Amino acid sequence: MTITYLKRGKPADQRAEDDAAVRATVETVLADIEQRGDAAIRDLSAKFDKYSPPSFRLTPSEIEAAIQKVAPRDMEDIRFAQTQIRTFAQAQRAALKDIEVETLPGVILGHRNIPVQSVGCYVPGGKFPMVASAHMSVLTASVAGVPRIIASAPPVKGEPHPAIVAAMHLGGAHEIYVLGGMQAVGAMAIGTETIKPVDMLVGPGNAYVAEAKRQLFGRVGIDLFAGPTETMVIADDTVDAELCATDLLGQAEHGYNSPAVLITNSRKLAEGTMAEIDRLLKILPTSETASASWRDYGEVVLCDTYEEMLSEANFIASEHVQVMTDRDDWFLDHMHSYGALFLGPRTNVANGDKVIGTNHTLPTKKAGRYTGGLWVGKFLKTHSYQKVLTDEAAAMIGAYGSRLCMLEGFVGHAEQCNIRVRRYGGRNVPYGAAAE
C-alpha cells in the first residue's frame, strides 16, 4: 500500500500568511472603532472603499431603488435560490425539538432552543460580490427566528451592490448597511453611535475579516473561523479528466491561496487531470487567480486502494469534497472530517455554493475535524431547565446533592440542598453538615 504525491503544493511552513501583520492591523482598527465609533468607520470606509455617504444604513426607499436595478431574470434566480435554502433550513429547524422528561417521580428536566437575539451578517464584495452569502447567513438566521438581523456589504464601484441588497432584503434583514471589511465586522460587534451591537457575527471574508472575527470571539459569538476556500476531488476511473479538472479549477479561482486536491487510485486519471488543468488554464477568464492557486496549493495524490483514498481525505479534511467513484455512498458512510460532501458526477460544488439549498459557509483549515458549517442550528442556543414538583423529590434529590457538595468541600452549595431537605423532608440536618 503506497500513497504517492504526483504534485505537491507549497510546504506548510511557506504557506503561512503574514499573520502577525494582519493581527496588528486588525487590533488597531478595532481599538479605533471602540474609541471613536462612527468617526472611525467613516474614516476607514473612505480609506479602503472610497465611500462616505450621509448614512451607511440604507433607508427603505434606498433598498427599493437598489432592488429596481436588478434584472428580472436575476431576481427570479435569487428567489429560486432562496426558496431552496429556506426549504432545507426549515426542515433542519423542524428537526430541533424542545424536550421535557420526568427522570424521577416529581423531577422534570428539559431544554428549549432559543434564537440568538441579534446577528450581524457580513457579505463580501471585493473581486467577487458574494450575493449567495446573503442567502446563507441572513435567510438562515431568519428561519431560526432571530429577531434582529443586520447585514453589511461593501460598496461596489461606489454604491450598494443591487443584487446583494436584494438578497439581504428578501432574506429577511432588518437593517442593511453599506460598509465593508474589518470596519463592518468591528462596527457590528462593538457598536457605534448609530449601529447597535449584535450578539453574533457570521459570514465569510478576507484575512482581515477572519482575523477581526477571531479577535472579537468571546465578546460576540461567531459561526466559525474561515480560511481560504478549499476543494478536493475524490475520483476513480468512472469519470474523466475534464470533469475533475473543471471541478478543481472551479474553486481554485476563489483566490491565489485556495487549495485544490485530487485524490485518485487511477494514474491515468491523475496525469490526465493535470494535463487538462494546463489546457483549461489557457482559456479560463479567471486563470490568473486559479493558476496561482493550482501552482502553489494544488496537489495530486495517487493511492492504491479506496481505503487509502478515504484515509487521506479524512486527514486533509477539506472544505468541499467532491466524490465521483463507483462507491460514493461508501464514502458518505465513512468520511468523518470535511465541510460538505458533493456526491456523484451530476453534483458539483458550485451548485452547493449558490443554489441547491445547503449552506456554503463551511469549515476550512482542518476545522471539519471538530465542527460542521453554518446552519440554522448555529443561530439557536439550547438552554436547559429543571423543575422539582413534589416534597418527596425535593428531599430525595437534596440529600444526594448535599453529600456530593460536601464531598467537594462546597458547604454553601450543600446548604442549598440541606434547607430543602429540612423544609420538604422534615429532617433535621445540622447546619454545614451532609444530609444522611
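Mentor: Start with burial. Buried residues make up 50% of the 436 residues in the protein. This is a predicted model, where local features need pLDDT of at least 70, side-chain atom pairs count only at pLDDT 80 or more, and totals for chains, interfaces and linings use all residues. Residues are numbered from 1 along each chain as its sequence is written, and side-chain values use heavy atoms, with hydrogens and water left out.

Trainee: Why is Gln322 called buried?

Mentor: Buried means under 20% relative accessible area, with a 1.4 Å probe and protein chains only. Gln322 has 1% relative accessibility, so Gln322 counts as buried.

Trainee: What makes β12 a strand, and which residues does β12 span?

Mentor: A strand is a DSSP run of E, at least two residues, numbered from the N terminus. Strand β12 covers residues 320-324, and Gln322 lies in it.

Trainee: Which backbone oxygens does the side chain of Gln322 reach?

Mentor: That of Gly344, at 3.1 Å, and that of Thr347, at 2.9 Å.

Trainee: What makes these pairs polar contacts?

Mentor: A polar contact is a pair of N or O atoms within 3.5 Å; within protein, one must be able to donate a hydrogen and the other to accept it, and residues adjacent in sequence count only if both atoms are side-chain atoms. The Gly344 pair is at 3.1 Å and the Thr347 pair at 2.9 Å.

Trainee: Which residues does Gln322 touch, not counting those up to four places away in sequence?

Mentor: Contact means heavy atoms within 4.5 Å. Gln322 touches Met232, Val233, Ile234, Asp247, Phe342, Gly344, Thr347, Asn348 and Val349.

Note on methods: Helices (H or I, at least four residues) and strands (E, at least two) are DSSP runs, numbered from the N terminus.
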